[in-house]
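Hi there,

Here is the structure I promised to pass on. Could you have a look at it alongside my notes below?

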Amino acid sequence: MTVWERPARGARGPAPERSRAEVTAAAVALADESGLAAVTMRRVAGRLGTGPASLYRYVSSRDELIDLMADAMTGEIDLTAPLGGDPVEDLLALASQAKALHLSHPWLLDVPPERLRLGPRGLDYLEHALAAMAPAALPGHARLEAVALLSGLAKLFARTELQAAQTSTERHAAQAAYLTRAAAEGTRPLLAAALAESTASGLPEDPQALFERTTRRVLAGLLTGDQL
């Protein structure tokens, strides 16, 4: 059974001193401070002022603890805003929230990807995304694939944005200069043309604007193109 199907409190043994919500909150706080690798049963127990063995009253393994953490974070996404009827824009709004969530809690990017890692809040998110696609004539499998791809895009752009923020200015400048010189050699005319067009404004592109434009294009293809 999954952690979601088991009672929060077992029928036998001493009454738990904490709740699953408290255990989850302690684990999330630890991950926010030191990353997902820092979340061990021992360290979470220490934060709660109890012994590691006591945590097994609430979860059977660290994997289940991560399930609780990921689902709690998904609950931070606001699903109360009414849908506008445009699947692309409604899904983009949802994906933008997911990207912001990963920027706020970078350890989420280290949660091992599992196709069925869904708790109650994750199921609510999925239901909302499927509702946003209601106007599109897509079979069920294509709708689920679109949600998965949307999630992947949000994580990819969040990771790229976080890594860019951690890259030194000198290293970034050196990489940009190398790319410019390589394109100017004349052996890669298509790359040179693409770079010339992308830098025509002379201004670096806002990461969120790039995310929105790319996601709109992907969604437009998924929701209006031919489906196999």
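The crossing of H4 and H9 is right-handed, meaning that the near helix is turned clockwise from the far one by less than a right angle. Before going on: this is a predicted model, where local features need pLDDT of at least 70 and side-chain atom pairs count only at pLDDT 80 or more, while totals for chains, interfaces and linings use all residues. Residues are numbered from 1 along each chain as its sequence is written, and side-chain values use heavy atoms, leaving out hydrogens and water.

The axes of H4 (residues 87-104) and H9 (residues 207-224) come within 10 Å and cross at roughly 135 degrees. That makes H4 oblique to H9 (angles under 35 degrees count as roughly parallel, over 145 as roughly antiparallel, 65 to 115 as roughly perpendicular and the rest as oblique).

Leaving aside residues up to four places away in sequence, Met 69 touches Val 39 and Trp 107, among others.

Finally, Ala 53 sits in the loop between H2 and H3. Ala 53 is exposed (over 50%), with a relative accessible area of 63%.

Best wishes

Conventions
Axes fitted to C-alpha atoms, helices over the stretch in contact; angles between N-to-C directions. Helix = DSSP H or I, 4+ residues; strand = E, 2+ residues; numbered from the N terminus. Contact = heavy atoms within 4.5 Å. Buried < 20%, exposed > 50% of the residue type's maximum accessible area, 1.4 Å probe, protein only.
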